[in-house]
Amino acid sequence: MNTRPPVASSAEKLRRLQTVTDAALSQLGLEDLLDELLDRTRDLLAADTAAILLLDPSGTELVATAASGLEQEVRQGVRLPVGTGFAGTVAARGEPVIIEHVNHVGVINPMLPGSGIASALGVPILSSGRVIGVLHVGTLTPRHFTPDDIELLQLVADRAGLAARARLSRLDRAATVALQRSLLPARPPSVPGLDVAARYVPGAAVGVGGDWYDLFVLPSGLIGIAIGDVAGSGLHAAVVMGRIRSALRAYALETADPADVLTRLDRKVQLFEPGAMATAIYAVLDPATGRLTMSSAGHLPPLLAARAQRPQPLTIPPDLPLGAYPGASRRNTDARLPAGACLFLYTDGLVERRDVPITAGIAVLVDALTCAAADTVCATAMATMFTDRAASDDVAILAVRRSAS
């Protein structure tokens, strides 16, 4: 026999609303919040089970994340393909689904045939209009779910979605910062004849991205110097950055030709990082003579300053960024880093400002810098460009000063 709960009064609807929007819930961590929401939802809807499943990073499977009455879903790591079964159908449609008579034939998940669920209601968990999971409840006796039930469950799903997105965003940023910092040299290596310093600061607005720098000694005694910027932000950009940086080091061991290194690196990006794009400069410096050979994959030109003088951008023709076009040709540019002179490399987060030409930012930087100790150059650059605000985009800078003869 179908049971039909009485229609909720206005006062009862208000109580329900207050129960799932209680400000005290915001003080809980994600796991405790979801558990509490599910317990309250079971009580308000007179349901016997409630569960939340969130999409995995691939977007193809739902993963049991929290449950009340179906705790084994979480303990056993239940995963359901989107579009398959009850919860998968809710995710695929992006709208509520009701089954008043569960037949247990591939209906919800492998755990439910033995659970005795008779009726079920599921709603999508949304974030910015995109499905990120499913919330469903079930009853052990046949049940007719009303529009009020659907509205309440969707309200719970919205609350769960906000909490999940906030938590995932914090975890993603923390993981990205940790990865980024682990991949960048904590301190540039000590190289006889060179004074080297660097900075990396994650962006306040877009979070950590794919900016990076590197400096290493080659077996020949030459010095490899690199800086780059992977398009995008977040964990994916940081992962791609790490792969590019590692690959560049490997190719630098095979050839001392910067254009050849970037050509190989571009081919690697085209093949193994489809859709990724990055700018980069790779230079090879002879610390004994100051000879500098550089190749640019669409990156901003480095600044070079003689001893105690202001820097000027080096004339280096920018070729296409890595990943932009298969088989792009690449060129080398020769220059010289005189004794006592400074080389300064940077990513666009240092000089780019909204509604201001990037050339204006470079001009401010040029006016502020003077060839000095490498750490002083880095400190001056950061203090000049971020006097009253944090960096909105991530920033990587690298200063190299050749010792006076």
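Me: Is Ser 329 buried or exposed, and what is its relative accessible area?
Reply: This is a predicted model, where local features need pLDDT of at least 70, side-chain atom pairs count only at pLDDT 80 or more, and totals for chains, interfaces and linings use all residues. Residues are numbered from 1 along each chain as its sequence is written, and side-chain values use heavy atoms, with hydrogens and water left out. Buried means under 20% relative accessible area, exposed over 50%, and partly exposed in between (1.4 Å probe, protein chains only). Ser 329 is exposed, at 60%.

Me: How many Å apart in space are Ser 329 and Asp 260?
Reply: In sequence, 69 residues separate the two. From C-alpha to C-alpha, the distance is 9.6 Å.

Me: Why do the buried residues of α8 line one face of the helix?
Reply: Helix α8 covers residues 358–368, and its buried residues are Gly 361, Ile 362, Leu 365 and Val 366. The arc is taken from the directions from the helix axis to the C-beta atoms. Seen down the axis of α8, the buried residues line one face because they fall within an arc of 140°.

Me: Which strands stand at the edges of the open sheet of six strands?
Reply: Two strands pair if DSSP finds at least two bridges between them. The order is β3-β2-β1-β6-β5-β4, with antiparallel pairing. Each edge strand has a single partner, so one side of each is left without a neighbour in the sheet. The edge strands are β3 (79–81) and β4 (97–99).

Me: What is the bridge partner of Leu 54 in β2?
Reply: Strands β1 (residues 49–55) and β2 (residues 61–68) pair in the antiparallel sense over six bridges. In β2, the partner of Leu 54 is Val 63.

Conventions:
Helix = DSSP H or I, 4+ residues; strand = E, 2+ residues; numbered from the N terminus.
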